[in-house]
Amino acid sequence: MDISYIISHAKVYFNLMPDKESEEEIVSQISSGVSFRGANLWVLIFAILIASLGLNVNSTAVIIGAMLISPLMGPIIGMGLAMGINDLELLKRAAKNFGVATLISVLTATLYFLITPLGEAQSELLARTSPSLYDVLIAFCGGAAGIIALCTRGKGNVIPGVAIATALMPPLCTAGYGLATGHLLYFLGAFYLFSINTVFIALTTFCGVRLMNFQQREFLSKEIGVKTRRIVMAIAVVTMLPAAVVTVNIVRKSFFENDVRKFIKNELTQRGTQIISNDVERDSLKLSVVAVGREISEAMRAAAEGRMELYGLKGFSLRIIQGAQTDSVLALNNQLSQVSTSREAERQKLLEMSAENASLRQQLEVYTNLGTLTSALRPELSALFPQVVSIGLARMTESTADTTAVQHFVAALIDTDGDRSLSPADLERLREWLRVRIQADSLVVIETGK
């Protein structure tokens, strides 16, 4: 099939020009939305307060509502239109109103976060502090959808959707939070995200206007036109570069974490063992894995460590924390050493509780071990001393009136056949055998069958 034929028919479906509205009406509509005074300014202030409340209480629905009523999109699209049709007066007016709106928005958000009693940064707020190349793509696609909707008939719900997708309000509120709480990195990250949205919404508006062949005003000279276009492209590239660097780091981190998960799944997974956590120390090239259940053998650990290079972990050493180590005070101390100094008291308390728990576990084992040992001794006892019917072991504590010392010993309670009681020699032999067998320093045998 002829390619030109396919292209000519595809143009019928993708051609925007039949749906294009009057240029005068479009320019008039966008120009009227540039102004920020009176009602528009108050709407902006209340939208900022609503968005700040939503970020403060971590409510996505409230944040979306604030984005829907925000009038910030007006001057941004106005700047893109002005650059597209070479209208310097409109560009100056849009840029001025955009600067005023941005300043008022940040000041309003800062004032709110200064007086609110809820000062903790929630997940919705923190999500606006680390922009990436994906935010550039969102702003670009959102701006493209917005200018197409503004310039054609049948806008539908496109403009509100663009307002939600590009999210101009939350970054400004997060920037205000950063100023109010003294977190400069929060302010810079959020304001950078706002700048990305602004630049690429304006850039797509500029491109859309040019592609839809809006009538352009003539510059005083061609040199001014060339210089203007170069400035526009330079701003776009400079805005995109830091986001591209952040995105590369995010992608690399994602690939690395995926390699670690594959390594653990393929090399350390076995029936009866559960991997509950892992920690990667990239500076010291160490991978620590915490496992419970069936222990991973040293041979399996060494074999897995030898295959780490296949998973992009060349040079890494493998440490497996399992068995008694997972409950030990030492392991807990290593985990808690990363806790900030503000939580030192909690760290110390947890260490004390862990040490106490270990001590109680040891004391419990002293008593439970005797119960297990009693069952194990019964077959041997029947062979050596057939006249003994039953035996019971218990740890005893004795204190007498004539001394303050407390004696600890193991008491062996034996029940013998009434017709065949133990002789003194057999009783002494039984006592020595039991003392060695149960490894008791002090042992008392009490015959209850007499």
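Three salt bridges are found when the whole structure is searched, a salt bridge being a side-chain nitrogen of Lys or Arg within 4 Å of a carboxyl oxygen of Asp or Glu. The model is a predicted one, in which local features need pLDDT of at least 70, side-chain atom pairs count only at pLDDT 80 or more, and totals for chains, interfaces and linings use all residues. Residues are numbered from 1 along each chain as its sequence is written, and side-chain values use heavy atoms, with hydrogens and water left out.

One of the salt bridges joins Arg307 to Glu267, with an N to O distance of 2.7 Å. Arg307 belongs to the loop between α13 (298–306) and β3 (317–321), whereas Glu267 belongs to helix α12 (residues 222–268), so this pair ties together parts that lie 40 residues apart in sequence. Helices (H or I, at least four residues) and strands (E, at least two) are DSSP runs, numbered from the N terminus. Arg307 is partly exposed, at 34% relative accessibility, and Glu267 is buried, at 11%; buried means under 20% relative accessible area, exposed over 50%, and partly exposed in between (1.4 Å probe, protein chains only).

Arg301 meets Glu298 at 3.0 Å, N to O, and Glu305 at 3.3 Å, N to O. Arg301 is buried, with a relative accessible area of 16%, while Glu298 is exposed at 53% and Glu305 is partly exposed at 26%.
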